[in-house]
Amino acid sequence: GAAGVDVEFWEEVAQQIEVYQARARLTELHEEMLTKLADLMEEHERRTAEEMAARAAEDEEAGEVDEQGRDAGREARDMERSFARKGLGEAEERLGASEEVALTESKATLRWSDKYQPRKPRYFNRVKTGYDWNKYNQTHYDHDNPPPKVVQGYKFNLFYPDLIDKHTSPRFFLEKTQSDEFCIIRFSAGPPYQDIAFKVVNREWEYSHKRGFKSVFERGILHLYFNFKRHRYRR
């Protein structure tokens, strides 16, 4: 009689066909993914190139220094915008250009001004105000009729993204004014930045970190935060 059908053989053939078809489909999918990936990379490179061109055009338009003599670089402007977006605390006000003190060009700046274009750092500074409820004010005022607000501290954030010597932190100095009520705080960093100074209230600082003191230079930003000591009122 006729030979019987070899079931096992044909089952194995069917399995091999399934494996082959699966492999073929995987190869097809792999090629599709590679094509999509290549398209995505091309699109990413195109967008990156467009963004870089736009930034370069923006930087070129802005120049290195703006009309106030400040750093006009994109990174410095981004730093300032970032702090501005965070806003002010409840008892804070922005310390603006009106408190900035005009300085004469230092000899140190003149030495490197032919090599780098001098510029003032951008900044986002805050002044903290509040009521001083000392014994005198407790006697003469109340919460419905509060005493005048007084300056209780400052938060200075100065931006130095293009500092040539990135290993040396900017420094600050206190200088006298004609009035004992105020003093000048002067910041000095080195090329390409000019010194910058502000008029502040002349009172004793708290140097305790627990009481808000901070003096740190990191990622191109100088943070100087301090509060004033509170003295008890004596008759």
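What share of the 235 residues of the protein counts as buried? The share is 30%, where buried means under 20% relative accessible area, exposed means over 50%, and partly exposed lies in between (1.4 Å probe, protein chains only). This is a predicted model: local features need pLDDT of at least 70, side-chain atom pairs count only at pLDDT 80 or more, and totals for chains, interfaces and linings use all residues. Residues are numbered from 1 along each chain as its sequence is written, and side-chain values use heavy atoms, with hydrogens and water left out.

**Overall build**
- The protein has four helices and 10 strands. These are DSSP runs numbered from the N terminus: helices are H or I with at least four residues, strands are E with at least two.
- From the N terminus on, the order is α-α-β-β-α-β-β-α-β-β-β-β-β-β.
- Contact means heavy atoms within 4.5 Å. Among contacts between residues at least 6 apart in sequence, 64% join residues at least 24 apart.
- The protein exposes about 16,900 Å², and carbon and sulfur atoms supply 50% of that area. Accessible areas come from the Shrake-Rupley method with a 1.4 Å probe; for residues, only the protein chains shown count as cover.

**Nonpolar cores**
- A nonpolar core is a set of buried Ala, Val, Leu, Ile, Met, Phe, Trp, Tyr and Cys residues joined through side-chain atoms within 4.5 Å.
- The largest core has 24 residues; Tyr-154, Phe-156, Leu-158, Tyr-160, Ile-185, Phe-187 and Phe-226 touch the most other members.
- Strands S5 (150-159), S7 (182-188), S8 (196-201) and S10 (221-227) each supply at least two residues of this core.
- Another core, of six residues, lies apart from it; among them are Phe-83, Phe-124, Phe-159 and Ile-221.
- Leaving out residues up to four places away in sequence, Phe-156 touches Leu-95, Asn-125, Ile-185, Phe-187, Phe-198, Val-200, Leu-222, His-223, Leu-224, Tyr-225 and Phe-226.

**Aromatic pairs**
- The whole structure holds 18 aromatic pairs. Rings of Phe, Tyr and Trp (its six-membered ring) pair if their centres lie within 6.5 Å; planes under 30 degrees apart count as stacked, over 60 as edge-to-face and the rest as tilted.
- The ring centres of Phe-156 and Phe-198 are 5.6 Å apart and the planes stand at 45 degrees, so the pair is tilted.
- Phe-156 lies in strand S5 and Phe-198 in strand S8, so this pair ties together parts that are 42 residues apart in sequence.
- Both Phe-156 and Phe-198 are buried.
- One aromatic cluster includes Tyr-123, Tyr-154, Phe-156, Phe-172, Phe-187 and Phe-198. Trp-205, Tyr-207, Phe-213, Phe-226 and Phe-228 also belong to this cluster.

**Loops and backbone**
- Glu-181 lies in the loop between strand S6 (171-176) and S7. Glu-181 is exposed, with a relative accessible area of 51%.
- The C-alpha atoms of Glu-181 and Val-201 are separated by 6.1 Å, though the two are 20 residues apart along the chain.
- Not counting residues up to four places away in sequence, Glu-181 touches Val-200, Val-201 and Asn-202.
- A cis peptide bond joins Pro-191 and Pro-192, with omega about 5 degrees. Pro-192 sits in the loop between S7 and S8.
- Arg-219 is not a glycine, yet has a positive phi of about 50 degrees. Arg-219 is in the loop between strand S9 (214-218) and S10, and counts as exposed at 75% relative accessibility.
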